[in-house]
Amino acid sequence: MNQYVRQLALVLVGGLCLASAQAEEVKIGFVSTDRVLKEAATAKAAQTKLEQEFSKREKELTALGASIKTSADTFEREAPTLPEVQRVTRQKQLLEQDRDFQRKRREFQEDLNARKNEELQQVIARANKAIKDIAAAEKYDIIFQDAVYVNPKIDMTDKVIKALNAATPAK
């Protein structure tokens, strides 16, 4: 029985040695999506584009809000001295203006969020392409995006940002 255990142990050790000799080293990489979205030129260009696209509307909404507030403050001061019919009419007008303002603010936010998502998807698509290109060129087996902990020696975020910036035409 003892000899059988030794032979079994030798077979197992031999099998493990053979398996480890056949196994190749796995090359792993990591990319921080947050850093790419903050630091890559394509992400910065997308942010600038959105700011330009929505700044006029945002200023108009801010001005409209300030105008409604001024009107409301004036109404509050004058309300005690106004005839009831005029007071009720102005109050209804203010409520209608506020509802219109809130609707415009909501539409603005929805439009802005939709455009942000479109731009974000384009940046992510470009980043994923850059990651795949680097993975193929440098023979990575697996690349993770976002993790709780990453050893800096496998962090390839700088390479991805550099590749994205190189692909972004200068303005």
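Throughout these legends, a residue is called buried when its relative accessible area is under 20%, exposed when that area is over 50%, and partly exposed in between (1.4 Å probe, protein chains only). The views show a predicted model, in which local features need pLDDT of at least 70, side-chain atom pairs count only at pLDDT 80 or more, and totals for chains, interfaces and linings use all residues. Residues are numbered from 1 along each chain as its sequence is written, and side-chain values use heavy atoms, with hydrogens and water left out.

**Figure 1. Overall arrangement of the protein chain.**
The protein chain contains five helices and two strands, where helices (H or I, at least four residues) and strands (E, at least two) are DSSP runs numbered from the N terminus. From the N terminus on, the order of the elements is α-β-α-α-α-β-α. Of the 171 residues, 22% are buried. Among contacts (heavy atoms within 4.5 Å) between residues at least 6 apart in sequence, 81% join residues at least 24 apart. The chain exposes about 12900 Å², of which carbon and sulfur atoms supply 56%; accessible areas come from the Shrake-Rupley method with a 1.4 Å probe, and for residues only the protein chains shown count as cover.

**Figure 2. Two residues with positive phi, Lys139 and Asp146.**
Most residues other than glycine have a negative phi. Lys139, although not a glycine, has a positive phi of about 60°. Lys139 is found in the loop between H4 and strand S2 (142-145), and its relative accessible area of 64% makes it exposed. Asp146 is likewise not a glycine and has a positive phi of about 65°. The loop between S2 and H5 holds Asp146, which counts as partly exposed at 44% relative accessibility.

**Figure 3. The buried and exposed faces of helix H5.**
In helix H5 (residues 157-167), the buried residues are Thr157, Val160, Ile161 and Leu164. Seen down the axis of H5, these buried residues fall within an arc of 95°, so they line one face of the helix; the arc is that of the directions from the helix axis to the C-beta atoms. The face turned away from this buried side carries the exposed residues Asp158, Lys162 and Ala166. The buried residues of H5 pack against S1, helix H2 (33-39), helix H3 (41-78) and helix H4 (84-138).

**Figure 4. The nonpolar cores.**
A nonpolar core is a set of buried Ala, Val, Leu, Ile, Met, Phe, Trp, Tyr and Cys residues joined through side-chain atoms within 4.5 Å. The largest core has 13 residues, and those with the most contacts inside it are Val31, Val36, Ile134, Tyr140, Met156, Val160 and Leu164. H4 and H5 each supply at least two residues of this core, and H4 gives the most, with five residues. Apart from this core lies another, of seven residues, which include Phe54, Leu61, Ile68 and Phe108. Leu164 touches Val36, Ala40, Thr42, Arg126, Ala127 and Ala130, not counting residues up to four places away in sequence.

A salt bridge is a side-chain nitrogen of Lys or Arg within 4 Å of a carboxyl oxygen of Asp or Glu, and a search of the whole structure finds 15 of them. Lys49 lies in helix H3 and Glu119 in helix H4, so the pair ties together parts that are 70 residues apart in sequence. Lys49 is partly exposed, with a relative accessible area of 41%, whereas Glu119 is buried at 6% relative accessibility. The side chain of Glu119 also meets that of Arg115 in a salt bridge (2.9 Å, N to O). Arg115 and Glu119 both lie in helix H4, four residues apart, about one turn of the helix, and Arg115 is buried at 15% relative accessibility. A network of salt bridges links Lys49, Glu53, Arg115, Glu118 and Glu119. In a further pair, Asp100 forms a salt bridge with Lys104, the closest N and O atoms being 3.4 Å apart. Asp100 is partly exposed, with a relative accessible area of 26%, and Lys104 is partly exposed at 34%.
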